[in-house]
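Let's take a look at how charged and aromatic side chains pair up in this protein. Have the sequence and the 3D view open as you read.

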Amino acid sequence: MTSDTPSSLSAALAAGTVVLDGGMSNQLESAGHDLSDELWSARLLAERPEAITEAHLAYFLAGADVAITSSYQATFEGFAKRGVGSDRAAELLGLSVESARDAAAQALAKGITRPLWVAASVGPYGAMLADGSEYRGRYGLSVAELETFHRPRLEVLAAAGPDVLALETVPDAEEAEALLRAVRGLGVPAWLSYSVAGDRTRAGQPLDEAFALAADADEVIAVGVNCCVPEDVDGAVETAARVTGKPVVVYPNSGEAWDAEARAWKGRSSFAPEDVRGWRESGARLIGGCCRVGPEAIASIARTLTQG
């Protein structure tokens, strides 16, 4: 590591822009893996962990600086539904971080010289339900109950040694409050990323109020949005930067819509890698893609940001 190499992801954000990866599921599906399962990509942690590593590696080689782990839908409760005990579930959560670390090691062995980071994905409560409710929020649970749900998984993921915890696709400010409580004292920084519709969370709260929850949270190094349509990014980035004063994280989906009943993507892509310049000017420092945004798009984002 040279003297001008950032010593942490937080330092890297202070120094410039960091490129996130794209959608894990579409990369796995393009490699021929069936994800028609309530555990989604988390199922492969048990059955084909090398496939997870290969997907991460594809994004690192495309230009991503950060790999987001395959633990979005991995929960003790979700694994229990499949007969997986808590000890094995904890092993699989740890393996999600290890798989991303393995991919980083392979990328470095292939000649990548830039710093590579691992973000442990923490999806919302609704992701465990696998019924599309992560795009609505309002689960009928209290903040305390949601904190109780999230804390054990966060403890295991933090112990696995990621660079950051990705509290992502959060549809509801009340769940964000629970997550912010749950990350306290873990010793690992976090980013908080909402799923939004227009200028509100999916649960309907104004974004300025939702982002404000993280403004004074020392653990949170970035705030923003993900898994939204690209058209909703500009306003969200400006609001997050203004309200929190923190670096902004943004990784929208392709613009296509997910049909939960048909379990299929519909519509056309509106994702344009050249839009990232405007996002960066508004305060975005962690920039990538979510569902249906693959390595080719991430490579284009990396090129665009490098060219200025």
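## Charged pairs and ring pairs

D65 is buried, with a relative accessible area of 12% (buried is under 20%, exposed is over 50%, and partly exposed is in between, using a 1.4 Å probe and protein chains only). Before going on, keep in mind that this is a predicted model, where local features need pLDDT of at least 70, side-chain atom pairs count only at pLDDT 80 or more, and totals for chains, interfaces and linings use all residues. Residues are numbered from 1 along each chain as its sequence is written, and side-chain values use heavy atoms, leaving out hydrogens and water.

So who does D65 team up with? Its salt-bridge partner is R114, and R114 is partly exposed at 26%. A salt bridge here means a side-chain nitrogen of Lys or Arg within 4 Å of a carboxyl oxygen of Asp or Glu. Searching the whole structure turns up 9 of them. Here are some, with the closest N to O distance:

| Pair | N to O distance |
|---|---|
| R114 and D65 | 2.8 Å |
| R138 and E174 | 3.4 Å |
| E177 and R181 | 3.2 Å |

Now for where they sit. Helices (H or I, at least four residues) and strands (E, at least two) are DSSP runs, numbered from the N terminus. R138 is in the loop between α7 (125-129) and α8 (143-159), while E174 is in helix α9 (residues 173-182), so the pair links distant parts of the chain, 36 residues apart. R138 is partly exposed at 47%, and E174 is partly exposed too, at 34%. R138 and E174 also belong to a salt-bridge network with D172.

E177 and R181 are 4 residues apart in helix α9, which means about one helical turn separates them. E177 counts as partly exposed at 30%, and R181 is partly exposed at 30%.

On to the rings. A pair of aromatic rings is described by the distance of the centres and the angle of the planes. Rings of Phe, Tyr and Trp (its six-membered ring) pair if their centres lie within 6.5 Å; planes under 30 degrees apart are stacked, over 60 edge-to-face, and the rest tilted. That gives 5 aromatic pairs. One of them is Y125 with Y139, a tilted pair at 5.0 Å centre to centre and 55° between the planes. Y125 is buried at 17%, and Y139 is buried at 18%. Y194 and F211 make an edge-to-face pair, 5.7 Å centre to centre with 70° between the planes. Y125 and Y139 also form one aromatic cluster with F149.
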